[in-house]
Amino acid sequence: MDNQVPPRKEKEEAAQAVELGTFLWHIHPHPTPHGTCCYNPGQLIFFKYESQKRISVCCSTKNPVYNWSTEIQGIMLSSIFYGILISQIPAGYLSGIYSLKKMVGSALFLSSLFTLLIPLAAEFGEALVIICRVIQGLFQGIALTTQQVVWIKWAPPLEQVRLTSLSLSGLLLGPCVVLLITGFICDSLGWPMVFYIFGACGCALSLLWFVLFYEDPKDHPCISKSEKEYITSALTQQVSSSAPSLPIKAMLKSPPLWVISLCNFAFFWANSFLSLYTPMFINSKFHINVKENGLLSSLPHLFAWIFAILAGHMSDVFLSKNILSLLTIRKLFTLLGLLLPALFSLCLLYLSSSFHGTMIFLILANATGSFCMGGILINVLDIAPRYYGFLKGFTNVIGLTGGLVASTVTGVILSQDQDSPWLKIFFMMVANNVISLIFYLIFAKAEIQDWAKETQNTYL
């Protein structure tokens, strides 16, 4: 294939549109596996504690506070996560059958609509809030998975990682913006306005999505003929003419798929722990509440966003200039994305004697995980493009489960071990990353697997 590509304006605009979608998806009052809402504003939005940890009812119309127990809070804040988890595999499978334009646009609109309803639901009680958040999670899970399937028809092999990392980087930019502005919105306008503003932005974006997005390059009115021919000719091997049946048995016996899933588990584990618990670690070490400073809290996410875009560009440069093979590129970026966060996490334990040094290592530990954008997070598209939606949902489920397990295990260790809990927690994360990486380096593949080719006839 000729490595010279025509102008990329249309594809870059498409990537930026999907990035904006993932950005707005992620700045909705949104869960992490631990169940925070809008990240650090979660407690500010719903709950206000007295110094004795007793919950009081506030009559302020701008910032109402509700008398909900800690158990209800935990269920409420984590309920959206279970909605996301449940929808991953069905959304991935249906993305290969139904219109992506309708699925992504409808999911984003309905998720945004339920975001707008959260303050009203809170007035009627916790049960309605939980129901709204579960439904909201279902639609957010659909949007998360199906929007990535767009690139099966839009991203030529030499530009796949750059375009997908640009679009997915919205997931990293969203938290950065949230941490910077939600505290100000809550203080000046009240916490319900957080939901109203982000919900309205999501609704507006969904309408733009329906107007501006095209599922197939050949249907786009603004793309030149040469650009259309380049994209379609480059993707002849990965675009299926019909909805394929799923070779479940072959998938379950595929070592490359399982090592991708294993590394997703480790990646989400590390990402969840670093996002949720390192501020607590810094507070225990220096008695400084990083979460109260929006700028400090947003810096790890900002640098993660920058590194994600950098990883995409570097990966495609290595491939287009034939510097490295595709498999070597995937292994290299997976190694960087799993090993560097582990190393910088150890530096947090042993080499960070000052607050500023600790913040530097924290930022690097979060940011370098974005190198996985050029590795495991795109590798499924290499080995099985015909089943990308379904398998992306499958690997997302395993990854999200890793995030849930990480937050649960970390909480248990912190509550039971008073002597050296952080040592155990960090080493557990490091061991998880290193073990997963070793298996990936041994079993990973970057070519289309036999069971994923058009000629495959044996199905379950």
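Student: What makes Asn-322 count as exposed?

Tutor: The structure is a predicted model, and in it Asn-322 has a relative accessibility of 60%. Because a residue is called exposed when its relative accessible area is over 50%, the value of 60% places Asn-322 in the exposed class. Asn-322 sits in the loop between α14 (294–320) and α15 (326–350), and its phi is positive, about 55°, although Asn-322 is not a glycine.

Student: Is Phe-109 buried, exposed or partly exposed, and how do you know that?

Tutor: Phe-109, which belongs to helix α4, has a relative accessibility of 31%. Buried means under 20% and exposed means over 50%, with partly exposed in between, so at 31% Phe-109 counts as partly exposed.

Student: What makes the nonpolar surface patch that includes Phe-109?

Tutor: The patch has an area of about 620 Å² and is formed by Phe-109, Leu-113, Leu-117, Leu-120, Phe-124, Leu-128 and Ile-131.

Student: How do you know that the length of helix α19 agrees with its number of residues?

Tutor: The expected span is 1.5 Å times one less than the number of residues, and for the 23 residues of α19 (residues 421–443) this comes to 33 Å. The C-alpha atoms at the ends of α19 are 33 Å apart, so the two values agree. Among the buried residues of α19 are Trp-422, Phe-426, Asn-433 and Tyr-440, and the elements that cover the buried residues of this helix include α12 (255–276), α13 (278–286), α15, α17 (376–383) and α18 (388–416).

Student: Why is α16 described as largely enclosed by the rest of the structure?

Tutor: The reason is that 11 of the 14 residues of α16 are buried, and among them are Phe-355, Met-359, Phe-361 and Asn-366. As for its length, α16 (residues 355–368) reaches 20 Å from its first C-alpha to its last, which is close to the 20 Å expected at 1.5 Å a residue.

Student: What makes the pair Arg-330 and Asp-382 a salt bridge?

Tutor: As a general point, side chains of opposite charge can pair when their charged atoms come close. A salt bridge requires a side-chain nitrogen of Lys or Arg within 4 Å of a carboxyl oxygen of Asp or Glu, and for Arg-330 and Asp-382 the distance from N to O is 2.5 Å, so the pair qualifies. Arg-330 lies in helix α15 and Asp-382 in helix α17, so the pair ties together parts that are 52 residues apart in sequence. Both Arg-330 and Asp-382 are buried.

Student: How do you know that Arg-162 and Glu-159 form a salt bridge, and are these residues buried or exposed?

Tutor: The closest N and O atoms of Arg-162 and Glu-159 are 2.9 Å apart, and because the cut-off is 4 Å, the pair counts as a salt bridge. Arg-162 has a relative accessible area of 6% and Glu-159 one of 0%; since buried means under 20%, Arg-162 is buried, and so is Glu-159.

Student: Why is the pair Asp-450 and Lys-453 called a salt bridge?

Tutor: The closest N and O atoms of Asp-450 and Lys-453 are 3.5 Å apart, and this is within 4 Å, so the pair is a salt bridge. Asp-450 counts as exposed, at 57% relative accessibility, whereas Lys-453, at 37%, counts as partly exposed. The structure holds four salt bridges.

Student: What makes Ile-398 a residue in contact with Trp-258?

Tutor: Contact means heavy atoms within 4.5 Å, and Ile-398, in helix α18, touches Trp-258, Ser-261 and Phe-265, leaving aside residues up to four places away in sequence. The C-alpha atoms of Ile-398 and Ile-260, which are 138 residues apart along the chain, are separated by 9.9 Å.

Student: Which residues have the most contacts inside the largest nonpolar core?

Tutor: That core has 62 residues, and Met-251, Tyr-387 and Leu-391 have the most contacts inside it. Apart from it lies another core, of 26 residues, including Phe-281 and Ala-342.

Note on methods:
Residues are numbered from 1 along each chain as its sequence is written. This is a predicted model: local features need pLDDT of at least 70, side-chain atom pairs count only at pLDDT 80 or more; totals for chains, interfaces and linings use all residues. Side-chain values use heavy atoms; hydrogens and water are left out. Helices (H or I, at least four residues) and strands (E, at least two) are DSSP runs, numbered from the N terminus. Buried means under 20% relative accessible area, exposed over 50%, partly exposed in between (1.4 Å probe, protein chains only). Patches are made of residues with over 30% relative accessible area and no salt bridge: like charges are joined within 9 Å, nonpolar side chains (Val, Leu, Ile, Met, Phe, Trp, Tyr) within 5 Å. Accessible areas come from the Shrake-Rupley method with a 1.4 Å probe; for residues, only the protein chains shown count as cover. A nonpolar core is a set of buried Ala, Val, Leu, Ile, Met, Phe, Trp, Tyr and Cys residues joined through side-chain atoms within 4.5 Å.
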